[in-house]
Amino acid sequence: MEPGRRTERLDVRLHDYADPVVAELVEEVQQEYVVRYGGRDDTPVAPAQFRPPDGLVLVAWVDDEPAGCVAIRRAEVADPVGGPVAEMKRLYVRAAHRRNGLARALVRAAEDAAATAGYARLVLETGSRQPESIALYAAEGYEPVAAFGVYAGAPGARHLGKVLRRSPR
């Protein structure tokens, strides 16, 4: 599939974080971090954090091929709006599937899943060397939030969040 080509058949499926398909996609995103930042993401993760009811992993399948993923887990951050907070992790779209709205679809699917699970806000960490991610999040209504996590004091780290709508799209 060429970047920019419209997706013919998109199916977003729930997966376990320990699933080999998810492991392959997560390793690919880690290699993106190595290229962009010189190292892997050091944020501690445990597969159990990404299992219902507190979390989940979604994989986008395009024409029966895994094309991207996103995960959410309960966040241990204070929320000025009130209510539980989820953290979005591992948003990734394979190069062959980029520029066709798949990342946006995954962000929205994560938001809907988080809202359905009762979360009031979704937060995330990204970095200045991911301008396309920052642009996507801004377009989807994400705004700066208090720094949190492993990269709270890191130069170039961006911490963003969004109040979730109560009714899924």
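Which element gives the most to the lining of the largest pocket? Strand β4 does, with six residues. The views below come from a predicted model.

**View 1. The largest pocket and the elements around it.** The largest pocket has a volume of about 1,000 Å³. Its lining counts 39 residues, and Tyr33, Thr126, Gln130, Glu132 and Ser133 are the closest to the centre. Five elements each supply two or more lining residues: α1 (20-37), β4 (85-93), α2 (102-116), β5 (121-127) and α3 (131-139). By class, the lining holds 16 nonpolar, 10 polar and 13 charged residues.

**View 2. The second largest pocket, with Arg73 and Glu87 among the residues nearest its centre.** The volume of the second largest pocket is about 220 Å³. Its lining is made by 13 residues. Nearest the centre lie Arg73, Arg74, Ala75, Glu76 and Glu87. Four of the lining residues are nonpolar, three are polar and six are charged.

**View 3. The salt bridge between Arg73 and Glu87.** Side chains of opposite charge can pair when their charged atoms come close. In this pair, the closest N and O atoms are 3.0 Å apart. Arg73 sits in strand β3 (residues 65-74) and Glu87 in strand β4, so the bridge ties together parts 14 residues apart in sequence. Arg73 is buried, at 7% relative accessible area. Glu87 is buried too, because its relative accessibility is 5% and the cut-off for buried is under 20%.

**View 4. The salt bridge between Glu28 and Arg94.** The two side chains meet at 2.7 Å, N to O. Glu28 belongs to helix α1, while Arg94 lies in the loop between β4 and α2, so the pair ties together parts that are 66 residues apart in sequence. Is Arg94 buried or exposed? Arg94 is buried, with a relative accessible area of 12%. Glu28 counts as partly exposed, at 23% relative accessibility.

**View 5. The salt bridge between Glu140 and Arg108.** The N to O distance here is 2.9 Å. Glu140 is in the loop between α3 and β6 (143-144), and Arg108 is in helix α2. The pair links distant parts of the chain, 32 residues apart. Glu140 is buried, with a relative accessible area of 6%. Arg108 counts as partly exposed, at 33% relative accessibility.

**View 6. A network of salt bridges.** Which residues are linked in the network? They are Arg9, Asp11, Arg13, Asp63 and Asp64. For the model, the count comes to 18 salt bridges.

**View 7. His159 and its surroundings.** His159 is found in strand β7 (residues 157-163). At 7% relative accessibility, His159 is buried. Its side chain reaches the backbone oxygen of Phe148 at 3.1 Å. Leaving aside residues up to four places away in sequence, His159 touches Leu124, Glu125, Glu143, Pro144, Val145, Ala146, Ala147, Phe148, Tyr151 and Ala152.

Notes
Residues are numbered from 1 along each chain as its sequence is written. This is a predicted model: local features need pLDDT of at least 70, side-chain atom pairs count only at pLDDT 80 or more; totals for chains, interfaces and linings use all residues. Side-chain values use heavy atoms; hydrogens and water are left out. On a 1 Å grid over the protein atoms alone, a cavity is a set of points where a 1.4 Å probe fits but cannot get out, and a pocket is an open set with protein on both sides within 12 Å along at least five of seven lines; lining residues have an atom within 4 Å of a point. Grid points are joined across faces, edges and corners, and a volume is the space filled by probe spheres set on the points. Helices (H or I, at least four residues) and strands (E, at least two) are DSSP runs, numbered from the N terminus. Ala, Val, Leu, Ile, Met, Phe, Trp, Tyr, Cys and Pro count as nonpolar, Asp, Glu, Lys and Arg as charged, and the others, Gly among them, as polar. A salt bridge is a side-chain nitrogen of Lys or Arg within 4 Å of a carboxyl oxygen of Asp or Glu. Buried means under 20% relative accessible area, exposed over 50%, partly exposed in between (1.4 Å probe, protein chains only). A polar contact is a pair of N or O atoms within 3.5 Å; within protein, one must be able to donate a hydrogen and the other to accept it, and residues adjacent in sequence count only if both atoms are side-chain atoms. Contact means heavy atoms within 4.5 Å.
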